[in-house]
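Subject: Structure handover

Hi,

Here is the structure I promised to pass on. Please open it before you read the notes below.

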Amino acid sequence: MYRNNGEFLLSEMKEGDSAIIVSVPAHSLFAPLGIRKNKRIKLDSRHPFSGPVLLGVDGRQIAVSQHITHEIIVRK
Amino acid sequence: MNKKVLLIGLPNVGKSVIFNKLTGINTGVANYAGTTVEYTVGKMISNFGDITIIDVPGCYTLDVSNEAERVAVEMLNSKPDVVVCVLDANCLESSIYLMMQVLQKGLPVIGVLNRVDIVGYRRGKKRRRFKSGSISAKRSNNDSSRCYCVKKCNCCQGLDQDLTNKNFTLEKEYPIDIQVLGKELGTMIIPMVATKAKGIAELKAEISNIISSKPTNQKGQGFIHRDADWTQAERIVTKIYHQKEHDDNKIRKRLEQMIIKPYPGLIIAFFTLTVTFAIIIGLGMSIRRFLLLPFFSSFVFPAIISLVELLLSEGFFRNVLIGEYGFLIKGIEWPIALVLPYVVSFYFALSLLEDSGYLPRLGILLDGILNKIGLSGANIIPIILGYGCTIPAIASTRAMNTKKERLIVVTMVSLSVPCISQTGVFITLLAERSVIIVLALFVFSLLAAIGTGYVSNLILKGSRVPLTITEVPVLLAPDLSVLGKKVWVRLKSFLAGGAVIMFYVIFVTSVLYESGIFQVVGRVMAPIVENLLRLPQEASVPLVLGIIRRELVVLPLLEMELSSLQLLTGSVVGLFYVPCIAVVTMIAKEFGWKIAGSIFIVTILVSFSIGGLIAFIGNLIV
């Protein structure tokens, strides 16, 4: 679901897709783990039972709760 | 006054390994974030006297957004003589960011680039080999230690010629340009593979150097007035990588993906846990049956018994030594021949899981399900530690985000997770009757743990769904010598702690038992023990002992002639009964006496009511 400016939510990404981060909610752990503006991330996998979403950033793998992926904005 | 050195760095970068190598102390080491929750202090012996080394809990920034960061900032402000900043070659950006923040404090800083050996795997670059002759050229000039210093320092004196010849540094082996990194940060950077002790001698030499001469050029003054920011860190990282192409280590990558994806990850998880369970039971049983039991029952105990019988005539004193609770027999048999084998097998299996980096992956697989009971996947680690001992489990909850999560896990672990000592007794007690009872008991304990989590999630205030933001560590093959050391450390602490306490408790019990005091207690507790739980009156002794040590609720049942139903009742009571006195004290220290008291009362009530229920239903059926 593209918005006018080509931005969409991380929760709308498909497995295996990659995108560039536009904005992340304020949380002290995002920046040190590489979830920062202008970083390219890849959605590695989603887990069942509303489990976490696995992201690949700079060759590191980060797991984030599904509910917070609705607050991360990305673009192609 | 002693000189003070801080070890600081991101979580899970190997600070504790470096600490152990510098001081010779063995602190807990594992492959997941947050192993060091409290800081550890040790001593390094040097030519300038003892140097105090402090292992600061791992933190991502110095923004004081959690407990670990608060501790770290406090320690940096306490005027240390040297700060060793451990950088992780795997996540350079975050490491560099943290180091920039550390440099702003204006203290003498040494950078250590750890895990230079696995960077190739994660970053997708093949390791480069040494150029032939590069190292040997240097060695001929310096017989002591290698030097990787970027700037001139004392340990490089006489090596100026080679210093200009860039060929000899370790960097040739790895795709990171360590010299450029050092120049950018304005400090020296020592490449290191801490687990293989590479680079440790250099670090020691450099610490001594700074402490003896206090050179000012190590302060990285360029950063004092500059803001640490992520664009800077990103720029430095792009600058120091030799090559940019990504050719991944295929097998490791594929395995990492397989383990963490729901399919086949959950199947692998089931298989892994089954194997772990099998190792714990199989290895423990074998050590007991084939090694310790024959040794004690055919050599040690007959010798003790005949010696005591020779010296003492029948009566009170002889019974205290070798009678029903004779502490010379039970005080050795129970801790050493019964519990110890399972301590060894449990920590062997746990260390395999810890060092490989499997536990955080298991946490992620179970995160969604655990969310339903108010926990996050990361909480699986304290719970699994709890199957070993409740004390480290509670200690590791300190790294958790919310107090609610901590309380849920502490309640779960105190109430329904048996420690390995208890498990060892359950296995010995029940497996001889039937292995199915053992399995049933564990399934029961698992269900109870889930139930406990569910109920406490409903009762306790706080947000319902916890937030997970965590890094998945690199999957590593466990190092056998590290593994052996870890098991040895746990074994030593069991012998010095648990086993000694058990020995004393059994001694006091033996005196109380032989003097008839416990028989009085038995009559007082008869309504509960005989009427409710339908156990013999003498089973009240273990219920009193169980308050001191968890496994003692069940151990004495071994000696009583009990029916299978009574065994099950006794085991279930033991499972839910009060955690050790040490655990209650620790809960009080961490959360206050009100919560410790509630846990104490809840465990007694739950254990008696469920035990009573089993006895009641069982007697209807049988």
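Does Glu184(B) count as buried or exposed? Glu184(B) counts as buried, because its relative accessibility is 15% and the cut-off for buried is under 20%. Before you go further, keep in mind that this is a predicted model.

**Salt bridges inside chain B**

Glu184(B) forms a salt bridge with Lys239(B). Their closest N and O atoms are 2.7 Å apart. This pair links distant parts of the chain. Glu184(B) sits in helix 7 (residues 178-185) of chain B, and Lys239(B) sits in helix 9 of chain B. The two are 55 residues apart. Lys239(B) has a relative accessibility of 48%, so it counts as partly exposed.

Next, look at Glu559(B) and Lys330(B). They form a salt bridge too, with the closest N and O atoms 3.7 Å apart. This pair also links distant parts of the chain, 229 residues apart. Glu559(B) lies in the loop between helix 22 (540-545) and helix 23 (564-576) of chain B. Lys330(B) belongs to helix 13 (residues 330-356) of chain B. Glu559(B) is partly exposed, at 37%.

Glu314(B) has 69% relative accessibility, so it counts as exposed. Arg318(B), with a relative accessible area of 14%, is buried.

Over all chains, the count comes to 20 salt bridges.

**Where the chains meet**

Now turn to the interface. How many residues of chain B are in contact with chain A? There are 31, and they touch 29 residues of chain A. The area buried between the two chains is about 2,700 Å². Carbon and sulfur atoms give 58% of that area. Three residues, Tyr60(B), Leu467(B) and Ile469(B), supply 21% of the area that chain B buries against chain A. That is more than any other three residues.

The polar side of the story comes next. The rule finds 11 residue pairs in polar contact across this interface, both residues being at pLDDT 80 or more. Several elements of chain B each supply at least two residues of the side that touches chain A, including helix 3 (92-103), helix 10 (250-260) and strand 7 (469-472). Helix 14 of chain B gives the largest share, six residues. On this side of chain B, 13 residues are nonpolar, nine are polar and nine are charged.

Four salt bridges cross the interface. One salt bridge joins Arg60(A) to Glu471(B), with the closest N and O atoms 2.9 Å apart. There is also a network of salt bridges that links Arg36(A), Lys39(A), Asp58(A), Glu93(B) and Glu234(B).

**Strands across the interface**

Which strand of chain A is joined to strand 7 of chain B? Strand 5 (residues 60-64) of chain A is, through four bridges. The two strands run antiparallel. Find Val64(A) in the viewer: it stands opposite Ile469(B) in strand 7 of chain B.

Best wishes

Terms used. Residues are numbered from 1 along each chain as its sequence is written. Chains are lettered from A and ligands numbered from 1 in the order in which they are written. This is a predicted model: local features need pLDDT of at least 70, side-chain atom pairs count only at pLDDT 80 or more; totals for chains, interfaces and linings use all residues. Side-chain values use heavy atoms; hydrogens and water are left out. Contact means heavy atoms within 4.5 Å. Buried area is the accessible area (1.4 Å probe) that two parts lose on being put together, summed over both. A salt bridge is a side-chain nitrogen of Lys or Arg within 4 Å of a carboxyl oxygen of Asp or Glu. A polar contact is a pair of N or O atoms within 3.5 Å; within protein, one must be able to donate a hydrogen and the other to accept it, and residues adjacent in sequence count only if both atoms are side-chain atoms. Ala, Val, Leu, Ile, Met, Phe, Trp, Tyr, Cys and Pro count as nonpolar, Asp, Glu, Lys and Arg as charged, and the others, Gly among them, as polar. Two strands pair if DSSP finds at least two bridges between them. Buried means under 20% relative accessible area, exposed over 50%, partly exposed in between (1.4 Å probe, protein chains only).
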